[in-house]
Amino acid sequence: MHTTSTSYTSKALIFIAFLLISSVAFAQNKASVKGSILDSALKAPIEHATVAIVNAKDTSLISYTVTQKDGSFRLSGIPTDVGTKLIISTMGYGTFRKTLVFKPGENKNTGPIYLTIRTLNEITIKGARSPVVIKKDTLEFNTEAFKTRPNAVVEDLLRLLPGIQINMDGSILVNGQAVSKLLIGGKRFFGSDPTVGTKNLDADLVDKVQVYDDREEDPDHKLTNIEVGKIINLIMKSKIKKSTIGKIYAGGGTRGRYEGGGIISTFRDTLQISLIGLANNLNKTGFSSSELYSMGGFNRSGGSQQYDGTFGGPRQAGLERVISGGFNINNDYGKKLKTNLMYFYTNSVKDFSTKTFNQQTLDQTLLSTLNSNTSQGKQQKHTATTLIDWVPDTTKRLRFTANMTITPTNNTGNGTTNTYNNQTPKITDLLSNSSSKGLAKEFSDDLMYYTKLKKQGASITIGQSFLMRNGGSNDYNFNSLTSYITSINSSVLDRLADNSSTYYLAGLYLTYNTPFTKKLSNEFFVNSRYWAQSNAVSTYDKNIASGLYDQFLPDQSNNLEKYTFIQNIKNTLSYDIAKQTTLKVGADLEIQYVKYKFNANIKDVTNRYYYVFPVLRLNAQSFNINYVEYLTHPEPNQMQPITKQISPVETLTGNPDLVPVHEHILYFNYYGGNRDKQLYVNLNSSINLTSNNIVQSSTKDPNGLITSTYENKNNGWNANFNVNVNKQFKKTQKWKFSLNQAFYSRYGQQTFFFNGDEGVQRNVFLTGVEGIGVNYNSIINLNTTYYLNAALSRYIGVNYAPVNTVRQRVLTVASITWPKNFIFDAQYQYDYNPQAAPGFSKSVNVVNLAVSVLMMKQNRGQLKLSVYDLFNQNTSIYRFAANNSITNIEEQILKRYFFITYQYKINSHK
């Protein structure tokens with residue numbers, strides 16, 4: 001053992017020494033340059049000017065930085081004995097360009113470089129644009145400086161841009177902050193999900209990539225830079241203004257797997273029309289994380305298909321067949337009016353198969369329950385949205401959005417449940433069958449009108465919102481209980497529940513902002529909301545003689561109604577303590593009227609509440625602190641004082657004496673970034689104290705009979721602490737590295753009542769993430785991420801055993817574009833869950849492989865051969881603890897298949 005350890009240590013030392021020697025040799029063959037940038041007239045330093053070294057032949061980016069406060073800059077790792085060009089640019093000044101050739105080991109000092117204020121008639125030199133430009137609040141990348149592989153999509157381009165991170169699920173971070181929308185020429189592209197565009201549009205069509213704050217709903221900049229989302233706006237090349245672009249694909253494989261679809265966009269100056277559609281049985285249900293670009297069953301960029309179906313949660317379990325499609329239309333009527341219309345249709349059929357094993361300690365008895373269930377869910381969904389954005393001048397804006405959704409559903413299921421304990425090997429067997437057919441409809445709209453007033457800094461915002469939701473279903477449930485003990489009777493429950501529900505919400509608000517001095521301002525806010533909701537259930541037993549469900553059960557039926565009116569009158573003073581540091585204090589008077597109607601010879605419950613909530617907030621450049629309070633009212637079914645038969649072994653009784661939950665939350669957010677070093681840190685934490693928390697009080701006997709009700713209880717609170725650190729090395733022309741470390745934690749406790757015991761369950765959830773990404777010249781792309789998840793449960797006040805669950809995951813995604821016209825993809829995932837119950841898999845290895853061949857003119861054709869889950873091990877298992885019990889769940893999931901796909905790109909310009 002000692003010899004082996006020594007051998008490994010020696011090899012590691014030799015490897016490290018080799019890296020050090022290589023690094024020194026590499027550094028000696030490179031050069032560096034430093035200098036300072038000054039205003040030619042004032043001789044003052046210019047901060048945040050972009051300094052870039054590009055290849056003189058093709059202007060591809062070699063290295064770049066941004067000047068410091070004193071105007072200084074330094075660039076290193078510059079290649080030698082090749083033609084390079086130094087480009088310096090900043091807003092308001094003319095661009096400086098100089099051709100340089102560096103010698104090995106040379107440390108060049110340019111001295112002071114003076115920039116002259118730009119005149120209006122200055123001519124831009126084509127082919128020598130700065131690769132990165134900062135224009136006020138907009139960060140702009142010129143794509144000619146970033147070389148992508150053949151057939152690359154926008155996501156591949158974004159991976160090369162400094163400060164931009166693409167996560168495994170396709171979500172995007174810019175300088176550590178989340179991107180909320182992707183626009184094309186300032187227009188929406190299939191809603192607010194940016195991945196629809198990044199994974200389906202070709203990179204070579206993009207001229208510039210702009211990044212700026214999402215202030216569409218925040219015209220007065222009340223949100224800090226930490227809180228506001230980012231928008232990526234793609235400026236397409238001029239030839240796209242009149243063109244038709246897109247792609248179509250089709251494929252098939254073993255086990256009857258298939259897919260087909262495409263996306264086509266037509267641009268005509270101010271009009272843009274896009275069509276998108278797909279059909280498959282590969283569990284690819286949408287156009288983002290299961291996008292068109294990831295053909296053959298898994299995502300080349302490492303998407304969420306694999307991550308969404310394994311240890312840790314029931315994400316993409318089941319087998320799904322889907323047909324989906326839609327259109328997106330943008331049109332500009334001059335510069336003042338923009339419109340968007342989008343429609344989607346989805347028809348999905350999803351089959352589930354689930355095994356659940358629960359063990360619960362009851363006094364001296366260990367009660368075990370094993371359930372096996374299969375089900376099928378059918379759903380059709382029609383969704384239409386529209387946007388009207390009118391900006392008549394620089395002082396006014398009117399923005400209107402509307403959404404309508406219609407969703408028919410049809411679900412069936414059947415299962416068996418076996419119950420036993422350590423004294424009785426067989427207590428009950430439960431056979432269940434269910435079916436449900438329903439229809440849900442929803443309409444919503446939002447209207448915002450904003451205007452600046454004559455007084456500088458003063459403004460008024462008026463907003464309106466409306467939501468209407470109604471639906472209904474017929475639910476059939478058959479339960480046959482076979483008992484093997486005398487204390488429980490065998491029984492059959494065969495019922496129909498006719499459900500209908502409505503929900504209406506109408507809101508109106510007004511915000512008036514006015515400054516008192518340069519540092520002191522006031523915000524007056526009035527907000528009124530009215531809710532009306534109802535839920536009617538008519539329950540019938542089946543008449544054995546007639547075979548009809550005509551035996552009405554009044555004690556299992558209800559017609560619940562809830563009416564709520566809430567009025568807020570809030571006044572907030574804002575004081576600028578220093579530059580980019582603001583303290584906000586105020587008071588929020590909230591008046592609430594809540595009425596519950598049970599409509600079953602049960603007295604209505606009417607309550608009025610008057611609260612004054614404090615307003616306290618501190619905003620700074622890199623952090624903010626915020627304290628809020630609010631109330632959450634119980635639902636009508638939690639208050640209805642009748643006993644509902646949930647199943648042959650379970651009943652639930654409402655409690656009309658419940659009071660609202662009162663929450664006190666303190667938030668802290670921090671964002672730190674160093675653009676020069678490409679290092680970004682995000683930290684957020686919160687503490688939530690809850691009084692009158694609504695908890696379920698349950699009794700469960702050793703044979704599995706359960707009775708439950710609701711109660712209010714204090715002593716509930718939770719705390720969160722999350723930190724994410726991202727470091728990028730994207731300043732060299734060929735090699736690009738990224739490091740990502742993250743830690744997520746949550747501590748929570750809540751009182752529970754179980755079998756007469758009152759206790760507190762404390763849960764700690766910890767997740768550590770370590771990721772590394774490597775990209776070489778868009779030829780080799782490698783991303784590896786390690787996850788460590790721990791869930792720890794402890795009980796206070798009761799003699800319950802602690803429960804620990806630790807899970808590990810390694811996910812590696814690799815892509816090689818070599819030789820020419822060939823792309824090799826590989827994805828490996830390893831999961832380990834050592835605490836899984838007997839009969840459940842403790843580990844799984846999933847391997848996906850693919851090879852793509854590019855063909856035809858301009859690589860418009862692509863043939864792809866792939867295998868998904870090579871070792872046929874893909875498994876969905878998770879485990880959790882509650883009320884002195886441990887539950888293990890395993891779900892059916894997509895397994896091994898081989899696949900072939902062909903894709904063709906459409907690219908027509910006029």
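The largest pocket holds about 1,200 Å³ of space. Select His48, Asn225, Gln621, Tyr671 and Arg675: of the 32 lining residues, these are the closest to the pocket's centre. Then colour strand 9 (138–142), strand 14 (206–213) and strand 34 (661–674), the elements that each give two or more residues to the lining. Strand 34 gives the most, with four residues. A pocket here is an open set of points on a 1 Å grid over the protein atoms alone, where a 1.4 Å probe fits, with protein on both sides within 12 Å along at least five of seven lines; lining residues have an atom within 4 Å of a point. Strands are DSSP runs (E, at least two residues), numbered from the N terminus.

This is a predicted model: local features need pLDDT of at least 70, side-chain atom pairs count only at pLDDT 80 or more, and totals for chains, interfaces and linings use all residues. Residues are numbered from 1 along each chain as its sequence is written, and side-chain values use heavy atoms, with hydrogens and water left out.

**Stop two: paired strands**

Next, select strand 25 (residues 491–515). Strand 24 (residues 459–483) runs antiparallel to strand 25, joined by 23 bridges; strands pair if DSSP finds at least two bridges between them. Look for Tyr476 opposite Leu496 in strand 25. Strand 26 is also antiparallel to strand 25, with 21 bridges, and a hairpin of four residues connects strand 25 to strand 26.

**Last stop: Phe524**

Finally, pick Phe524 in strand 26 (residues 520–541), the bridge partner of Tyr512. Phe524 counts as partly exposed because its relative accessibility is 31%, between the limits for buried (under 20%) and exposed (over 50%), with a 1.4 Å probe and protein chains only.

Terms used
Points joined across faces, edges and corners; volume = space filled by probe spheres on them.
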